Amino acid sequence: PPVVEHVQQAMLAPMASYGMAGAQGQTPAMEGWLSKRSEDFGKSWVLRWFVLHPAGVLTYSKAQHGPESKRIILDNMTEVRLLNDPSATDEGRRAGIKKVCGFEIYQGQGRRTWYLDPGTPAKCELWVNTLRSSLAQLKGAQAGYR
């Protein structure tokens with residue numbers, strides 16, 4: 001593939017052919033390196049390899065294709081918001097001063113909010129749109145079971 005496509009795939013791996021269906025073992029909807037703010041007191045930012053799986057599960061690890069460190073389960077309470085969005089958490093908006101390409105995964109009152117930064121506006125747009133699309137599919141599927 002051309003160099004630009006190869007670099008994009010290496011950084012994000014957002015392939016148009018990636019499915020968003022839901023069976024285990026399917027190709028991820030998206031994967032790539034994101035800076036994640038840690039939960040620790042200093043709240044430093046660390047680089048992690050994130051994988052969005054078709055069933056609305058976002059996992060991350062310290063190394064590309066390494067063992068899973070943690071997982072974020074997307075559900076009907078989850079919102080994906082840019083850090084500079086007025087609806088972002090106060091903490092998110094403060095982080096957005098330095099992380100202008102960042103976004104948050106808000107999981108509802110009393111649950112952890114995840115702060116992530118892809119590094120560029122284009123990558124941020126791609127991650128946010130893909131996560132929101134995955135959420136819309138999950139919410140649509142959940143509405144169908146009521």
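Phe50, Tyr60 and Trp114 form one aromatic cluster. The model is predicted. Across the whole structure, a search finds three aromatic pairs. Two charged side chains also sit over rings, those of Arg81 and Lys99.

**Aromatic pairs**

- Trp33 and Trp49 make an edge-to-face pair, because their ring centres are 5.3 Å apart and their planes meet at 75 degrees.
- Trp33 belongs to strand 1 (residues 30-37) and Trp49 to strand 2 (residues 45-53), so this pair ties together parts 16 residues apart in sequence.
- Trp33 is partly exposed, at 24% relative accessibility, whereas Trp49 is buried, at 2%.
- Phe50 and Tyr60 have ring centres 5.0 Å apart and planes at 35 degrees, so their pair is tilted.
- The Phe50–Tyr60 pair links distant parts of the chain: Phe50 is in strand 2 and Tyr60 in strand 3, ten residues apart.
- Phe50 is buried, with a relative accessible area of 0%. Tyr60 is also buried, with 4%.

**Charges over rings**

- The charged end of Arg81 sits over the Tyr106 ring, 4.4 Å from the ring centre.
- Lys99 lies over the face of Trp45, at 4.8 Å from the ring centre.

**Backbone at His65**

- His65 is not a glycine, yet has a positive phi of about 60 degrees.
- Most residues other than glycine have a negative phi.
- His65 lies in the loop between strand 3 (57-61) and strand 4 (70-73).
- His65 counts as exposed because its relative accessibility is 59%, and the cut-off for exposed is over 50%.

Notes:
Residues numbered from 1 in each chain as written. Predicted model: local features only at pLDDT ≥ 70, side-chain atom pairs only at ≥ 80, totals over all residues. Heavy atoms only, no water. Helix = DSSP H or I, 4+ residues; strand = E, 2+ residues; numbered from the N terminus. Buried < 20%, exposed > 50% of the residue type's maximum accessible area, 1.4 Å probe, protein only. Phe/Tyr/Trp six-rings, centres within 6.5 Å; stacked < 30°, edge-to-face > 60°. Lys NZ or Arg CZ within 6 Å of the ring centre and 35° of its normal.
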